[in-house]
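Here are some notes for your first look at this structure. Keep the 3D view open as you read.

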Amino acid sequence: MNYLDGFRNPDAAVALTARIARLADDLARQGCQATVMEVCGTHTMAIARYAIRDVLPQQVELVSGPGCPVCVTDAGYIDAAIELARRGIVIATFGDMVRVPGSQGTLADVREEGFDVEVCYSPMGAVDLALANPDREIVFLAIGFETTTAPVVTLVDYAIKHAIKNLSLLVAFKCVPPALAALVTDPEIRVDAFLCPAHVSAIIGEKAYRPFVEAYHVPCVIAGFEPLDILYGLHEILRQVSRGEAAVVNQYSRVVRSDGNVVAQRLMATYLETVDVSWRGIGIIPGSGLALRASYGEYDATCRHAIEVSSGTSDPGCRCGDVLKGKIKPPECPLFGAACTPLNPVGPCMVSSEGSCAAYYRYARG
Amino acid sequence: MCLAIPMKLSELRDGGQGVVAMEGATYDVNLSLIENPRVGDYLIVHAGFAIEKLDRAEADERIQMFEELGAVNEE
Ligand code: SF4
């Protein structure tokens with residue numbers, strides 16, 4: 001038997017759904033409800049795929065958060081990448097970034113103009129490009145949350161140790177815990193608890209959420225991506241909410257350690273420092289970004305190629321910002337499914353396979 | 001995008017590299033972010049890197065708990 005079947009056991013799903021319903025009744029008796037935000041795009045996809053919203057009682061609302069790294073990357077970042085490509089620099093990137101609209105056009109457009117935009121499955125693909133093209137400059141688009149940051153920093157480490165001189169990074173790394181704080185302090189947003197990302201937590205560890213929970217008294221439950229992981233995580237969240245408790249609970253102990261991945265953390269601390277960074281549709285969140293330390297400026301594309309990253313402009317009709325903050329569900333955007341579809345995306349939330357708009361389009365229409 | 005399913009390490013190679021297998025297909029994986037990788041380990045792989053190992057004992061304990069939960073429900 002595949003061990004994953006153990007996390008898809010239908011009898012346990014029925015039992016958990018019944019327990020969730022009982023906790024929701026408790027909430028109803030107290031005259032409250034619970035809005036739970038899933039922060040991670042892969043959770044968003046899993047929740048849509050397994051139709052988890054359909055089994056939840058009405059007192060429990062699940063909203064999607066800003067957990068799609070491509071979606072929260074500013075239009076101005078894409079503009080800078082396009083500008084670099086037009087200067088004859090080879091852009092190396094994860095595939096999802098190619099179709100994300102900047103202020104004007106996408107990297108796919110510049111590729112059609114004949115400039116070099118290469119898709120890498122692993123950041124180490126950028127090393128291969130640098131070695132294969134010694135007379136060209138390569139810029140790797142270094143975006144992502146902690147899960148992606150760790151592999152990309154390994155690329156920096158490798159390039160420095162092997163004296164690869166024609167490779168630099170356009171860095172826009174983002175960190176999850178400061179974003180949680182920005183969301184709960186936004187008066188326009190209601191979030192009672194977070195279903196915390198599985199693999200970001202594998203890097204930062206359970207401990208990374210404790211200061212947040214102590215400061216804001218909001219439950220944080222780390223869950224895996226299987227249906228029982230998510231149901232059990234929601235059960236734990238409702239148990240806490242109904243009792244007015246708030247704690248960090250790790251329901252994904254088969255992967256997430258209390259201290260996280262210490263090797264990755266050490267590497268990140270060596271090369272990166274905390275900065276304020278802008279999130280598309282949300283704005284600047286203090287201390288929510290990681291940038292290369294000044295001593296590694298040679299590997300920082302903004303220094304090496306003297307380019308500035310502005311915040312850029314997005315299509316005024318696109319409501320990605322409200323979607324990323326959990327203020328609206330994708331179908332509430334007037335462009336959803338009409339002017340904006342995965343084949344013809346207006347905003348990043350429809351481009352990325354883990355964007356909320358793409359998840360709703362694929363699984364939850366009609 | 002996170003790969004939700006762990007992959008089994010089938011081969012160790014030089015330079016901190018390895019090969020993982022899933023559903024008959026194999027992929028190269030960089031092992032530099034995890035400690036003591038061993039053939040047979042189940043790994044969480046992201047962007048071509050193993051970022052953590054699956055702890056089988058923790059997984060089995062949780063599966064057992066779900067089985068008990070489901071069984072109680074049927075009575
Ligand atoms: S449906 Fe399209 S236009 Fe509307 S918020 Fe989503 S990505 Fe933006």
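1. Ground rules. This is a predicted model, in which local features need pLDDT of at least 70 and side-chain atom pairs count only at pLDDT 80 or more, while totals for chains, interfaces and linings use all residues. Residues are numbered from 1 along each chain as its sequence is written, chains are lettered from A and ligands numbered from 1 in the order in which they are written, and side-chain values use heavy atoms, with hydrogens and water left out.

2. Helix α2 (residues 41-49) of chain A packs with helix α15 (residues 356-363) of chain A at an angle of about 15°, their axes 9 Å apart. Helices here are DSSP runs of H or I, at least four residues, and strands are runs of E, at least two, numbered from the N terminus. Axes are lines fitted to C-alpha atoms, for helices over the stretch in contact, and angles run from 0 to 180 degrees between N-to-C directions. So α2(A) and α15(A) are roughly parallel to each other.

3. On α2(A), T44(A), M45(A), A48(A) and R49(A) take part; on α15(A), S356(A), A359(A), R362(A) and Y363(A) do. Contact means heavy atoms within 4.5 Å.

4. Helix α6 (residues 146-161) of chain A and helix α11 (residues 262-271) of chain A have axes that come within 9 Å and cross at roughly 60°. That makes α6(A) oblique to α11(A).

5. The sheet. Five parallel strands of chain A form an open sheet, ordered β2-β1-β7-β8-β9. Its edge strands are β2 (60-64) and β9 (248-250) of chain A, each pairing on one side only. Two strands pair if DSSP finds at least two bridges between them. The twist averages 20° from one strand to the next. Five bridges join β1 (residues 34-38) of chain A to β2(A). A34(A) has V60(A) as its bridge partner in β2(A).

6. Salt bridges. One joins D116(A) and R136(A), with the closest N and O atoms 2.7 Å apart. This pair links distant parts of the chain, 20 residues apart.

Note on methods. Parallel < 35°, antiparallel > 145°, perpendicular 65-115°, else oblique. Salt bridge = Lys/Arg side-chain N within 4 Å of Asp/Glu carboxyl O.
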